[in-house]
Amino acid sequence: MTTSVSANRKGDRRERELVNALDGAGFAVMRAPASGSSTERELPDVLAGDGETFYAIEAKSSAGDPIYLDGEEVEALLFFSRNFGAKARIAVRFDREDWFFFHPGDLYTTDAGSYRVKKETALAHGTDFHEFVGETEKVTLDEVGGGGGGDGSEGEIDPEAEERREILEAVRDGHMPVEDALDVL
């Protein structure tokens, strides 16, 4: 019982943290009412919008274990999002990491019909908070270019593109924190 109560408190704290971060990024945002609300249907944890885009977000956090969502929870999020006119997103946060966002269709589905997000998947494939709120845009190594400079001149390596590629590889390999890479780029 204590573990469950403690986990619920941590989940509530993480949801409030996400709400405050989205508010700080200029979104109109609110936590949806918890269980016992006026509807029997599950509601998303957070509603957020910036005047152009509106999100219904299911927020989950973990100390490092994979995060699981049951199929009914995800279906309720999709139903609400469709009827409300919002984009459905799953927000995950692992200890000592930032928030990462996924469309439910991008999550791994288990044989039992649950959805799973591993920490490695969040770091490698999730949309980070800064990109989610429109402060930065994700650039892949292929987009930066592996040579040729991207200007059509074969064999000629653009030094700036090469430097960006090396920085992105350092982040990918865990040798450089994302924040440091953003400062350098």
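Colleague: Why does Arg-96 count as exposed?

Modeller: Its relative accessibility is 76%. A residue is exposed over 50% relative accessible area, buried under 20%, and partly exposed in between, with a 1.4 Å probe and protein chains only. Arg-96 therefore falls in the exposed class.

Colleague: What kind of model do these values come from?

Modeller: This is a predicted model, in which local features need pLDDT of at least 70 and side-chain atom pairs count only at pLDDT 80 or more, while totals for chains, interfaces and linings use all residues. Residues are numbered from 1 along each chain as its sequence is written, and side-chain values use heavy atoms, with hydrogens and water left out.

Colleague: Where does Arg-96 lie?

Modeller: Arg-96 is in the loop between strand 5 and strand 6. Helices (H or I, at least four residues) and strands (E, at least two) are DSSP runs, numbered from the N terminus. By that count the protein has seven helices and nine strands. Strand 5 and strand 6 form a hairpin with four residues between them. Arg-96 has a positive phi of about 65 degrees, although it is not a glycine.

Colleague: How many bridges join strand 5 to strand 6?

Modeller: There are four, and the two strands run antiparallel. Two strands pair if DSSP finds at least two bridges between them, so strand 5 and strand 6 count as paired. Within this pairing, Arg-93 stands opposite Trp-99 in strand 6.

Colleague: Why is Arg-93 called buried?

Modeller: Arg-93, in strand 5, has a relative accessible area of 13%.

Colleague: Which residues does Arg-93 touch?

Modeller: Contact means heavy atoms within 4.5 Å. Leaving out residues up to four places away in sequence, Arg-93 touches Arg-14, Glu-17, Lys-60, Ser-61, Ser-62, Ile-67, Asp-98 and Trp-99.

Colleague: Is Arg-14 buried or exposed?

Modeller: Arg-14 has a relative accessible area of 10%, so it counts as buried. This residue is found in helix 1 (residues 2-24). With residues up to four places away set aside, Arg-14 touches Ser-61, Arg-93, Asp-95 and Trp-99. Arg-14 and Trp-99 are 85 residues apart along the chain, and their C-alpha atoms are separated by 9.7 Å.

Colleague: What covers the faces of strand 6?

Modeller: I can say that both faces are covered: Trp-99 and Phe-101 on one side and Phe-100 and Phe-102 on the other are all buried. Strand 6 (residues 99-102) also pairs with strand 9 in the antiparallel sense, over two bridges. In strand 9, Asp-128 is the bridge partner of Phe-100.

Colleague: What is the order of the strands in the open sheet?

Modeller: The six strands have the order 1-2-3-5-6-9, with mixed pairing. Strand 1 (28-31) and strand 9 (127-128) are the edge strands, as each pairs on one side only.

Colleague: How do you know that the span of helix 2 agrees with its 14 residues?

Modeller: The expected span is 1.5 Å times one less than the number of residues. For helix 2 that should be 20 Å, and its end C-alpha atoms are 20 Å apart, so the two agree. The buried residues of helix 2 include Val-74, Leu-77 and Phe-80. Its buried residues pack against strand 2, strand 3, strand 4, strand 5 and strand 8.

Colleague: Which residues of the largest nonpolar core touch the most other members?

Modeller: A nonpolar core is a set of buried Ala, Val, Leu, Ile, Met, Phe, Trp, Tyr and Cys residues joined through side-chain atoms within 4.5 Å. The largest has 18 residues, of which Leu-69, Val-92, Phe-102, Leu-107 and Ala-122 touch the most other members. Strand 5 gives the most to this core, with four residues. Neighbours within four places aside, Ala-122 is in contact with Val-92, Phe-94, Phe-100, Phe-102 and Val-117. A second, separate core of 15 residues includes Leu-22, Val-46, Trp-99 and Phe-132.

Colleague: What is the mean pLDDT of the protein?

Modeller: The mean is 82, and 80% of the residues reach 70 or more; pLDDT is the predictor's confidence in each residue, from 0 to 100. Over residues 147-153 the pLDDT is below 50. Where pLDDT is low, the predicted coordinates should not be read in detail.
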